Amino acid sequence: MTSPQTEITTPLQKLEDARFDQIGIEVWMKRDDLNHPLIQGNKWHKLRLNLDQAAKQGQTQLITFGGAYSNHIAATAAACYERGWSSIGLIRGDELANNHQAWSLTLKQAQRHGMQFEFLDRQTYRLRHHQAWLDALQQRFPNAYLLPEGGSNEFAVAGFEKVINQLNQQCEGWTDLFCAVGTGGSLAGLAKYASPNQTVWGIASLKNADYLKPQIQNWIGSSKQNWRLLTEFHGGGYAKSNSEIMLKTKQFESKFQILLDPIYTAKLVWAFNTLLEQNHFQAGQKIVLYHSGGLQGCTD
Ligand SMILES: Cc1ncc(COP(=O)(O)O)c(C=O)c1O
């Protein structure tokens, strides 16, 4: 696919804080929230090679899955809209079908970009990983390209090679990279292309996320052990928050003039701050926080 975004190198913004100087660490934020107003951050990297693959197969309709607050749903709708393709979102929660007022900004925005919705009850939604159910769906839409929940698959994972290449050029010798985790596709991609002596830390935004680990290792596709999944920073669960997270988000946003989304990057920054306060870091570490976007769901 030829899109100007393919060539964008997003800024690596240095974060200055006396606490970093005291320990002797350096910290940056990789501003992938700036790569596109709608297909932001990790979404762009996860969709890029999937869109190429669909085009190769002559498919100009995408079907994907998500909850009402899924940035992936919004990004898929926008990407299809840009190309004049159609998109269908299978959304968790049949109670939303006749209750437009309860729709999130994310759903409203996806609808503006032409996405058609089918609202599934929670039991049916659970079938999204079952091959027989997916086969039946493909039969209903024979020309559609099916994208899994969160857009995470091997093409999504491969999309992160560009991010790591950019980081290696922008920050020689970086040692640690922190990213937010939903399905784990982004963490897997970053770890896959990072070198074995660099550590990629994933901060799970959802509760009880340990079940993601085998799939993440599978995507990395090797015995590479340069990644960790931290599961204690979910703040109450997916799309939940607490007063401490909100306070840390406000402090970070006003100090560095960088907006965070409440579901993912707010928890990433909270986790990093907590680890800093627990003296987790050592002199010489060069740490990058990955801004994966998600801000399009924060404003109408
Ligand atoms: C802003 C943002 N950051 C991080 C993630 C997590 O990405 P992944 O599902 O690849 O773990 C998402 C989910 O799509 C997201 O919207």
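Mentor: A disulfide is a pair of cysteine sulfur atoms within 2.5 Å. This is a predicted model, in which local features need pLDDT of at least 70 and side-chain atom pairs count only at pLDDT 80 or more, while totals for chains, interfaces and linings use all residues. Residues are numbered from 1 along each chain as its sequence is written, and side-chain values use heavy atoms, with hydrogens and water left out.

Trainee: How many disulfides does the structure hold?

Mentor: The structure holds zero disulfides. For C179, the nearest cysteine sulfur belongs to C171 and is 16 Å away.

Trainee: Is C179 buried or exposed?

Mentor: C179 is buried, at 0% relative accessibility, where buried means under 20% relative accessible area, exposed over 50% and partly exposed in between, with a 1.4 Å probe and protein chains only.

Trainee: Switching topic, which residues are closest to the ligand?

Mentor: The closest are K46, N71, T183, S186 and S292, out of 16 residues that surround the ligand; a residue counts as near if one of its heavy atoms lies within 4 Å.

Trainee: And what lies 2.7 Å from an oxygen atom of the ligand?

Mentor: That is a polar backbone atom of G182, and a polar backbone atom of G184 is 2.8 Å from a ligand oxygen. The protein buries 98% of the 390 Å² that the ligand exposes when taken alone, with areas from the Shrake-Rupley method and a 1.4 Å probe.

Trainee: Where is T64 found?

Mentor: T64 is in strand β3, residues 61-66, a strand being a DSSP run (E) of at least two residues, numbered from the N terminus. T64 is buried, at 0% relative accessibility.

Technical notes:
Helices (H or I, at least four residues) and strands (E, at least two) are DSSP runs, numbered from the N terminus. A polar contact is a pair of N or O atoms within 3.5 Å; within protein, one must be able to donate a hydrogen and the other to accept it, and residues adjacent in sequence count only if both atoms are side-chain atoms.
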